[in-house]
Amino acid sequence: MPPAFLGFLLGCFWFGAFMAAHIAILHFKKTASPSRCLIQCFAGAVTTAMACIALAQAAGWPGLLLAEIYGLMTMGCLFILYAPFFYTIYTSLSTQSLLAIQSTGGNLSVEALVQRFASRELFQGRLATMTASGYLAEERGQYRLTAKGALVARYFAAVKSFWRLGPGG
């Protein structure tokens, strides 16, 4: 097997182990810092991957140094994709706004949203963007989810619930 392909497979395997550990810890254990958990799990996966490849190299398997480099590059690339996804669910103001509107049965005033999340200017800009994108509809100062917004809110609510991230924004 070429070292590049072996490295890719190993990188995918260890990244999968990282994701499984990260999701399991968030789901089953209340953690004070989900961000720290993300970094620690990834560092643990990288360290374990390097140790396993070093052991295989010591056992006389040729070409594993190059495979290790490819594996670490694969893990890094996958982490670059995963981290923004995690932080979108964990801290996104837009996501939290959609969930807040969903939790009230679909209607929430601008004042209630501003009190909960941010300054009026920042929040009005965000609401305008979500309305223009088709996630919200405004009627007499009240915002409600559109069908598209409800679908997105249900998805993010399910992921946040599964990861037990709780409120945040």
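1. Methionine 73 sits in helix 3, residues 64-91. Helices here are DSSP runs of H or I with at least four residues, numbered from the N terminus. Methionine 73 counts as partly exposed because its relative accessibility is 49%. The scale is this: buried is under 20% relative accessible area, exposed is over 50%, and partly exposed is in between, with a 1.4 Å probe and protein chains only.

2. A word on the source. This is a predicted model, in which local features need pLDDT of at least 70 and side-chain atom pairs count only at pLDDT 80 or more, while totals for chains, interfaces and linings use all residues. Residues are numbered from 1 along each chain as its sequence is written, and side-chain values use heavy atoms, with hydrogens and water left out.

3. Met73 also belongs to a nonpolar surface patch of about 470 Å². Patch residues have over 30% relative accessible area and no salt bridge; nonpolar side chains (Val, Leu, Ile, Met, Phe, Trp, Tyr) are joined within 5 Å, like charges within 9 Å. A salt bridge is a side-chain nitrogen of Lys or Arg within 4 Å of a carboxyl oxygen of Asp or Glu. Areas come from the Shrake-Rupley method with a 1.4 Å probe; for residues, only the protein chains shown count as cover.

4. Leucine 72 is also in helix 3. At 29% relative accessible area, leucine 72 is partly exposed. Leucine 72 touches Val46 and Met50, leaving out residues up to four places away in sequence. Contact means heavy atoms within 4.5 Å. From leucine 72 to alanine 147 is 75 residues in sequence and 41 Å in space, C-alpha to C-alpha.

5. Leu72 and Met50 are among the residues that line the largest cavity. Helix 1 (3-28), helix 2 (34-58) and helix 3 each supply at least two lining residues. Helix 3 gives the most, with four.

6. Serine 97 lies in helix 4, residues 93-103. Serine 97 is buried, at 0% relative accessible area. Beyond residues up to four places away in sequence, serine 97 touches Phe117, Phe123 and Met130.

7. Leucine 127 is in helix 6, residues 120-132. Leucine 127 counts as buried, with 0% relative accessibility. Leaving aside neighbours within four places in sequence, leucine 127 contacts Val110, Leu113, Leu136 and Tyr143. Glutamate 138 is 11 residues from leucine 127 in sequence and 9.2 Å away in space, C-alpha to C-alpha.

Technical notes
1 Å grid on protein atoms, 1.4 Å probe; cavity = no way out; pocket = protein on both sides within 12 Å on 5 of 7 lines; lining within 4 Å.
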